[in-house]
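Please take the structure below as a whole before turning to its parts.

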Amino acid sequence: MGVAQEVANGKMDQHSNSIRVQETEALQATPAAIETRSLTRRFESLVAVNHLSFSCPHGAIFGLLGPNGAGKSTLIKMLTTLLPPSEGTALVAGFDIVRQPREVRRRIGYVSQMLSADGDLTGRENLLISAKLYGIPRSERAARIAEALDFMNLGSVAGKLVKQYSGGMIRKLEIAQSMLHRPSILFLDEPTVGLDPFAKQAVWQHIRDLRREFQTTLLMTTHDMQEADELCETIAFMHQGAVVRTGSPAELKAALGPAATLGDVFIDCTGAAIAEGGDLRDVARARVTSKRLG
Ligand SMILES: Nc1ncnc2c1ncn2[C@@H]1O[C@H](COP(=O)(O)OP(=O)(O)OP(=O)(O)O)[C@@H](O)[C@H]1O
Ligand SMILES: [Mg+2]
C-alpha cells in the first residue's frame with residue numbers, strides 16, 4: 001500500500017497512544033534520527049548505493065553532497081521507503097525502513113528533486129490535497145494549512161494557480177506541503193536548485209526556522225557549496241554509492257589546509273568537478289515538469 005493510500009485511510013491517527021510508546025522505545029533504542037546499516041541498492045549491474053553506513057543525529061541540518069550519480073537521491077528514496085533496498089537496512093526515527101515502513105512514513109516529510117506541486121491548482125488546493133494524504137483530521141486542516149502558508153510566507157499567493165508561481169515560490173510551497181503533518185525528519189532533495197540568491201536565502205531561513213520551532217531533523221542534498229557551508233552542521237560526501245568523508249564544514253576544510261574551501265574538499269574526496277546541475281535524466285524530467293506546470 002502506498003503512502004497516499006495509507007494516510008488517506010486515516011490510519012495515522014488510530015493508534016496514537018501506542019505510537020507514542022513505540023516512539024519513546026524507539027528513541028531510547030537509537031539515539032540517531034537516521035542510521036543506515038550497510039544499505040545497498042543495485043540497478044541491475046550498477047551499484048548505486050554500496051553498503052553505506054552513516055548516522056544523522058536528532059535535530060541536525062545534515063548535508064549530503066557528491067557529484068551527479070553519486071547515489072544521493074537513491075539513498076533518500078530508500079530512507080523515505082519509496083525504493084526498497086537490495087541489501088542492508090536503515091533506522092529512520094527509530095524504525096526499520098524494511099520491516100516498519102508505515103511507522104517510518106508517519107514521521108517523515110519529503111521534498112523530491114523534481115518539482116511535484118500541481119500547476120493547475122492553487123497553492124491552497126495543493127496543500128489541501130497534502131493534508132488529506134497525510135490523514136490530518138478535517139477539523140484541523142484549515143488551521144494547519146494557514147499555519148504552513150504563514151510559516152512559508154505564502155499567504156498572499158495562496159489563491160493563485162501554481163503555474164503562475166516562480167520557482168522559489170513552488171519550492172516554498174512544496175516545503176509547506178511536506179511539513180503539514182509536523183514530521184520529525186524532513187528529507188529535502190536539492191531544495192534550492194535553480195533559485196536566485198534571495199529565494200535561496202528565504203528557503204535557508206525557513207529550514208532553520210523549522211528546526212528551531214519544531215525540532216525537525218533535516219537531511220538535504222545540494223550542489224551549492226556555499227549553501228552547505230552556511231546551513232549544514234554536518235556534511236557527508238558521497239562518491240560512487242559510498243560515504244567517503246564526514247564532518248562539520250569547519251572540520252572538513254581545516255583538515256585540508258588553512259585556506260581550503262568546501263569546494264576543495266569536494267574535489268579532494270570525490271575527484272570530481274563541482275556539478276552545474278542534474279544529469280540528462282534529471283534535466284529531461286525537469287523540463288517535463290516545468291511544461292506540466294505551464
Ligand atoms: N531507476 C533507476 N534505474 C536505473 N538506474 C538508476 C535509477 N535511478 C538511479 N539510477 C542510477 O543510479 C546512480 C545514482 O543516481 P542518483 O539519482 O541516486 O544520483 P544523485 O547522487 O542523486 O545524482 P544528482 O546529483 O545528479 O541528482 C546513477 O548512476 C543513476 O543513473
Ligand atoms: Mg539526485
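Two residues are in contact if their C-beta atoms, placed from the backbone, lie within 7 Å. Among the contacts in the protein chain with a separation of 6 or more, 70% are between residues 24 or more positions apart. This is a predicted model, in which local features need pLDDT of at least 70 and side-chain atom pairs count only at pLDDT 80 or more, whereas totals for chains, interfaces and linings use all residues. Residues are numbered from 1 along each chain as its sequence is written, while chains are lettered from A and ligands numbered from 1 in the order in which they are written.

The protein chain contains twelve helices and eleven strands, these being DSSP runs numbered from the N terminus (H or I of at least four residues for helices, E of at least two for strands). Of its 294 residues, 40% are buried, a residue being buried if 20 or more other C-beta atoms lie within 10 Å of its own, exposed if 12 or fewer, and partly exposed in between, with C-beta atoms placed from the backbone.

Beyond its neighbours within four places in sequence, Leu 218 is in contact with residues including Ile 61, Phe 62, Leu 186 and Ile 207.

Around ligand 1 there are 15 residues, of which Phe 43, Ala 48, Asn 68, Ser 73 and Thr 74 come nearest; a residue is near a molecule if its C-beta atom, placed from the backbone, lies within 6 Å of it. Both β2 (46-52) and α3 (72-79) supply at least two residues of this shell, and α3 gives the most, with three residues.

Two loop residues other than glycine have a positive phi. Ala 93, in the loop between β5 (87-92) and β6 (95-96), has a phi of about 55°, and it counts as buried because 23 other C-beta atoms lie within 10 Å. Gln 240, in the loop between β10 and β11 (242-247), has a phi near 50°, but is partly exposed because 17 other C-beta atoms lie within 10 Å.
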